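Open the model in your viewer and keep the selection panel at hand. The stops below say what to select and what is there.

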Amino acid sequence: MARTSRHAREVAVVAFAQSDHLRRTDELSEVEMVMPVLHQVLAQTGLKAGEIGFTCSGSSDYLAGRAFSFTMTLDGVGAWPPISESHVEMDGAWALYEAWVKIQTGEADTALVYGYGKSSPGSVRDVLTRQLDPYYLAPLWPDSVALAALQAQALVDAGETDEEALAAIGARSRADAAANPHAQLTGTVPQGDYLVAPLRTGDCPPIGDGAAAVILAAGDTARRLCGRPAWITGIDHRIEAHGLGLRDLTDSPSTRIAAEQAGVFEGPVDTAELHAPFSSQEVVLRKALGLGDGVAVNPSGGALAANPVMAAGLIRIGEAAARIHRGESDRAVAHATSGPCLQQNLVAVLEGDPR
Amino acid sequence: MAVVGIGQTKHVAARHDVSIAGLVREAASRALADAELTWADIDAVVIGKAPDFFEGVMMPELYLADALGAVGKPMLRVHTAGSVGGSTALVAANLVAARVHRTVLTLAFEKQSESNAMWGLSLPVPFQQPLLAGAGGFFAPHVRAYMRRTGAPDTVGSLVAYKDRRNALKNPYAHLHEHDITLEKVQASPMLWDPIRYSETCPSSDGACAMILTDRAGAARSPRPPAWVHGGAMRSEPTLFAGKDFVSPQAGKDCAADVYRQAGITDPRREIDAVEMYVPFSWYEPMWLENLGFADEGEGWKLTEAGVTELDGDLPVNPSGGVLSTNPIGASGMIRFAEAALQVRGQAGEHQVPDARRAVGHAYGGGAQFFAMWLVGAEEPPS
């Protein structure tokens, strides 16, 4: 299959590492959680932190419960002598996007990207309400599960899915996750009671802590660092209106635009890693991305098996890339989301050289 | 790549008349008007601000997507501590430089009146020792170290504050307009964090700043003179480590050196006409003069004392009045970048440095560890 990048430079994911995702990591600071993952991903390429052209991370002060939390995790990188570095208050997938742009400018040939989050110190359902319109919505404290349930009910009402189909998504994800040593929730998991109808506990992601890291490299550097680089042939992200009443929750136009811009529809994909923390959101994303039954969706188990907030999107890109590295995929789509009910979405197409 | 539109709000202590969305919309609309462009001309939005705790909104860009015309477009949110306004502009610039987008809106804001920044920055025990309240408590010892190291007289800080507050009188967007300011008043103001006096510290402001960045083709259509980006860089180092030089951090030196290399600058003191540097506490002017290569080590305070950095000196520093007169924290770095661009566009009004051809915008953040800087020029750089 001919690989065509839409941009000036060929850039690939050449390494991916992640922590074990756990319900609590009380004994670990964020630095202690991130540092081993950074060491692992660097070891895969033989690069040292000082040899990396650009470093970018994604995290949230609100999860950490303190301002400037990312200034401390920089200690995990070992930023001395000083490094060229940036940070987004977004999922690590957008840090990867910023790093990809940096490589496209020609100012860097390699990039270290990481994302991390500890949801365990607080009630993440409540914390995420602070993302909402502070004047009209946040004072009502509608939590993330309740908003996802509104979306799920809209899908059921529109005849796009039913509770049985949703349960099957959760069951498939956890069954696939049995082969993923980093996953938090694996195997046979009871579908459980309603958390917020129509969503049952089995439709919702586990709450946990975790970190992930990726190394990007351009052209021949990528070929030198990785046996089968996962070339990012397209990447784009789009945002939608914030007010849920302004959106059709059964659809994801932002995902569709990003997919068009990334070139998803220009060829068949064999694998999709979708950042769908709720089973119902996989239904929306499958439709927006036009994924048929032949596509392996979330072979890692996806966010229903491990959902470390601020890292879970980056993990999707990493998992898709790792499938290409291992020769298990030739053309994969990776997706990350942010905001209530899939408000913001990033889509990347990853391709391997012909085997 | 060039800046073709700049918009700021009038920075004040509290904008009770607008929401956060209204605040950012005001700056963005002014930038579009300056560039004579519409929302439809914008390909992507890059927004920055300091910690989310300052307004109590987690990742507010999600809620601000509508107000900034970003629906259906890419929107990125940068956060690199106090340097964020500068970093945000550089991320936006990279989108154009990489030819991913042609025209990008970048904006940074803070609505400090929504909370109390000093306590928002002060960690609870046991994460930080008691009495290290706010940024001033962190930086005062480093100012003291600079004074000891260089033998600078105690009065230098007050000279900076007196200059910047007078410059602010010429900038209609500046927060503090102290018409009756005198050097004696600065020197008699209460000591907050020894050796930093009340009048030598930045205010808490509500404000936003926006810029439109575009490629050569876009700049060719610009109704007003563009500010061309000749170089930009970011550098970071850890907050604390054995051997760290808090007075003149290596990351700041490396950042400046990278920008000068890109812009072909070999003698910054002679070749640069105006500097907008991030001076939240007065003493940081002489400290950064040295760190950014405008003065030899130990000599920065002599430039300040000799009046070189005055608006009519030969290296005007912070003609806008600087952070000492206006500090919507997340926007402060972008205001430095934008004010540098205003200077080379000849659009700075009463605080215009005559015939400014090359200007530097600079920001720093965290524990003097994150640096962002760019150099803009009136002329298009060689391709």
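Two residues are in contact if their C-beta atoms, placed from the backbone, lie within 7 Å. This is a predicted model, in which local features need pLDDT of at least 70 and side-chain atom pairs count only at pLDDT 80 or more, while totals for chains, interfaces and linings use all residues. Residues are numbered from 1 along each chain as its sequence is written, and chains are lettered from A and ligands numbered from 1 in the order in which they are written.

**Stop 1: between the chains**

Select chains A and B together. In contact across the two are 47 residues of chain A and 49 residues of chain B. On the side of chain A that touches chain B, the elements giving two or more residues are α2 (61-64), α3 (69-77), β3 (85-88), α4 (92-105) and β8 (230-239) of chain A. Helices (H or I, at least four residues) and strands (E, at least two) are DSSP runs, numbered from the N terminus. The largest share, six residues, comes from α4(A). By class, this side of chain A has 21 nonpolar, 14 polar and 12 charged residues. Ala, Val, Leu, Ile, Met, Phe, Trp, Tyr, Cys and Pro count as nonpolar, Asp, Glu, Lys and Arg as charged, and the others, Gly among them, as polar.

**Stop 2: two helices of chain B**

Select residues 84-97 and 329-345 of chain B, which are helices α3 and α14. They pack at an angle of about 60 degrees, with their axes 5 Å apart. Axes are lines fitted to C-alpha atoms, for helices over the stretch in contact, and angles run from 0 to 180 degrees between N-to-C directions. α3(B) and α14(B) are therefore oblique to each other; angles under 35 degrees count as roughly parallel, over 145 as roughly antiparallel, 65 to 115 as roughly perpendicular and the rest as oblique. Among the residues making the contact are V84(B) and T88(B) of α3(B), and M334(B) and F337(B) of α14(B). The contact comprises six nonpolar, six polar and one charged residues.

**Stop 3: two helices of chain A**

Next, select α7 (residues 163-177) and α10 (residues 279-289) of chain A, whose axes lie 8 Å apart at an angle of about 95 degrees. That makes α7(A) roughly perpendicular to α10(A). L166(A), I169(A) and G170(A) meet S279(A), S280(A) and E282(A) here.

**Stop 4: around L350(A)**

Finally, select L350(A). Leaving aside neighbours within four places in sequence, L350(A) is in contact with residues including V13(A), W231(A), I324(A) and A334(A).
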